[in-house]
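I opened a new notebook page for this chain. I wanted to look up its overall build first, then a few single residues.

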Amino acid sequence: MRKFISMLFLGLIFSLSISAQKPYNPNSAEILLKIKKLNFLGTVLYVAAHPDDENTRLIAYLSNETLANTAYLSMTRGDGGQNLIGPEIREGLGVIRTQELLAARRIDGGRQFFTRANDFGYSKSTEETQKIWNREQVLSDVVWVYRNFKPDVIITRFPPDERAGHGHHTTSAIFAEEAFDLAADKNAYTDQLKFVEPWQVKRLFMNTGRWWSPDINEETPGVFVIDAGAYNPLLGTSYTEMAALSRSQHKSQGFGSTGQRGESLEFLEPVKGDKAEFNIFEGVDTSWKRVKGGEKIGKMIDEIIAEYNPQTPSASLPELLKVRDEILLLKEKHWQVQKLNEVDEIIKAVLGLYVETRAEDYNVSPGDASKLSIEVVNRSNTPVKLEAVAIDHLKDTITSVVLSNNTKLEFSTTVVIPESWNYSMPYWLKEEGTLGTYKVEDRALRGTPENVPAIEVSYAIEVLDHKIMLESPVIYKWNDPVKGEQYRPFIVTPPAFVNIEEPVYIFSGTESKKVNVTVKASKSGISGTATLNVPKGWKVQPENQKFELALKDEEAILSFDVVAPEGQSTGEISASISVAGQSHNNSIQTIAYDHIPTQVLMPRAASKVAKIDIKKEGNVIGYIQGAGDAIPASLREIGYEVWEMKDEEITPENLAKADAVVLGVRALNTNDRAKFYMPHLLNYVSEGGTLVVQYNTNFRLKTEEFAPYPLQLSRDRVTEEDAKIKILDPKNPLLNYPNKITEADFDGWVQERGLYFPDKWDEKYTPLLSSYDEGEDPKDGGLLVADYGKGKYIYTGYSFFRELPAGVPGAFRLFVNLVSAGKKEQPSNKKVSNSQK
């Protein structure tokens, strides 16, 4: 609960995160919009299931045209989806998509909330979703957000039935409706009432989509219509253009959007609550009359708007300070806290006040010191007195310096991070949860999008005899020779990290295998001992090794020999280090993309190990990446040479060097060169090669000519990871050589069987497997093979991109059979050069 003050539960936990951004100073037009928004007391919460489910048009319109305090509640962080920009899946992808949502909200003006629900993958029913999510926990989180944020209007994205097309979608609507009543019930979730009060939402709408209501229009009875395509002259953009920029932040989903202009109608269908005829806030006083003692404030703000001079925004300062005085007198804490935050932001903006505290490095360890540089600049004609700078609970600096126009104050100080401080891990990943729900014991964190800053700095200023406290996080800033000024979050880390080289190790015999462990210092002068722990029955030599690292970021690579037991066995190896008498087992995973702040994950250092009865044929695998996956590393682990081929390397001459070629997941959706290299690949098959094409969607295919014979992709999928498998052609060589595949090879699969299976195919294809979710018809298109010329063409929708990194033995055995198709018993002697690898 460090740094959470008593006012937190009154709304501060829901402030927009700017923990890793350049200090932002709005322009004159944006300041005027903020002042107008200060004069509106209405709140809207949009509710759906995943990142990218939100309607950015409507959020942009409600936030910037209606001026409502608008937010999006996403049930999940999108952990179970696919990643079109890199190899991260599961927790790493959830962190990316969390930051993409925050980037989107910075553009469209909304706020962002979450529940503890974990996106466990596609779900075909709300019954399954509610069971796996832990219905009571996730529903309580929705109620918690309602009671904190106090929305007047709820808008859901989906209908509460099968029309929503996904169990998560349906459940988000069901929970939104149930929370409508529960949030107002003083007998519901009474443990929350120590911190919040019951809250009655005025009404709930469904943002009706044309995919389930294709005939809806502005004449449909009972439906509200909003033209979200309106143009905002202050901002110089329409809300549909703004929404396209916002939606384009969902880059991991491939949702880049082009801005639209002109009419764009949104339809809201009343679901619960009071009826309304003219607007969604009907019956809600959105003026300052809503708050006792607030009517005077509304008139004062009206005068500020009327007299606002964009040439000199600071001319509005005296009247804004009077408004602030009146807000401080309010008895209703919810509106006092929210509007005090808003007016303080506006005061800072009209002063052109720049405050920044930067650290000399991006991280520090508990018990160590960090040098901080503080910069404060007043860029107005009104003198500003900086009275004190409080660096979290670590140090207070009394300055009492008056800053005139464009005067910059800079000074440095050093703070020591207490030994008790936690590492800056995403809070929902600190403890192991369940398949469907993250474990978050700290109630104050539930609903929040990300961690509070590692260190927060408070600046006490005095302006025109008014004392104001401003806050900003400590950041790390540097200059990139190409990109210029760059920012990333300042974080607290262990003194060193320990990473196991590979996520999974496959053993096929009794010989030992080297496991490399990298110890990386996060500060200078580190020494200690590293240990590799293995499952019972496995052996490791040596048991531990010493290391010394003189410099920060220096690494030591330590090799351990691991021997598997006789017989098939799976388990986990883990690594730990002892430094200065303390044990640490955090690995480091850095996620760096230009559109989001750099993220650092510190999961426990662990990898999967599996002793598998596995044989392989061939030697060189050509791999053509699609959306990004870890299959190349998995293939190397079982002894293949993997040539990850660049576009320009996909030539007939190079393909002839490969024993098999594999297309990465969604390669036909993401690679613009696919239409040019597919003829080479099909010719490679005709000449005797083996081509394995992994799943693609039928949306935005770069080419329709990706198979030798007609084959139609569909939305068919098998989501139950333990769904029954039927072998359709037991004698087929792909299921018998070099490994005999049985139903037992489908034990232990994770998240799903597969997705986007073909549903129609030419008779020249042979379907090998059949599977289905409970209550559905069999899906036979998940693994198809065809002879084409002298070679083999294989199309598979089975989720090898999830199973191989998870160390699933049977998935390895089957995938090896696919890339070994058509091979003779003697292994290939093909090799590629180191540069090609």
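My entries below go from the whole chain to single spots.

**Ground rules.** I am reading a predicted model, where local features need pLDDT of at least 70, side-chain atom pairs count only at pLDDT 80 or more, and totals for chains, interfaces and linings use all residues. Residues are numbered from 1 along each chain as its sequence is written, and side-chain values use heavy atoms, with hydrogens and water left out.

**Confidence.** I looked up pLDDT, the predictor's confidence in each residue, from 0 to 100. The chain averages 92, and 96% of the residues score at least 70. Over residues 1-19 the pLDDT is below 50, yet this stretch has 56 contacts in the model beyond near neighbours in sequence. A contact means heavy atoms within 4.5 Å. I noted a caution: where pLDDT is low, the predicted coordinates should not be read in detail.

**Whole chain.** I found 16 helices and 42 strands. These are DSSP runs, numbered from the N terminus: helices are H or I with at least four residues, strands are E with at least two. The C-alpha atoms fill a box of roughly 90 × 70 × 55 Å along the principal axes. Of the 837 residues, 59% are buried. Buried means under 20% relative accessible area, exposed over 50%, and partly exposed in between (1.4 Å probe, protein chains only). I also checked contacts between residues at least 6 apart in sequence: 75% join residues at least 24 apart.

**His-169.** Is His-169 buried or exposed? It counts as buried, because its relative accessibility is 12%. I placed His-169 in helix α6, residues 167-182. Leaving out residues up to four places away in sequence, His-169 touches Ala-49, His-50, Asp-53, Phe-158 and Ala-164.

**Cis peptide bonds.** Which residue is joined to Pro-542 by a cis peptide bond? It is Gln-541, with omega about -10°. Pro-542 sits in the loop between β24 (539-541) and β25 (544-549). I logged another cis bond between Tyr-737 and Pro-738, with omega about -5°. Pro-738 is in the loop between β37 (725-727) and β38 (754-761).

**Positive phi.** I kept one general point in mind: most residues other than glycine have a negative phi, and most peptide bonds are trans. Lys-150 has a positive phi near 55°. Lys-150 lies in the loop between α5 (135-149) and β4 (153-156), and is buried at 12% relative accessible area. Leu-464 has a positive phi near 50°. I found Leu-464 in the loop between β16 (456-463) and β17 (466-480). At 41% relative accessibility, Leu-464 counts as partly exposed.
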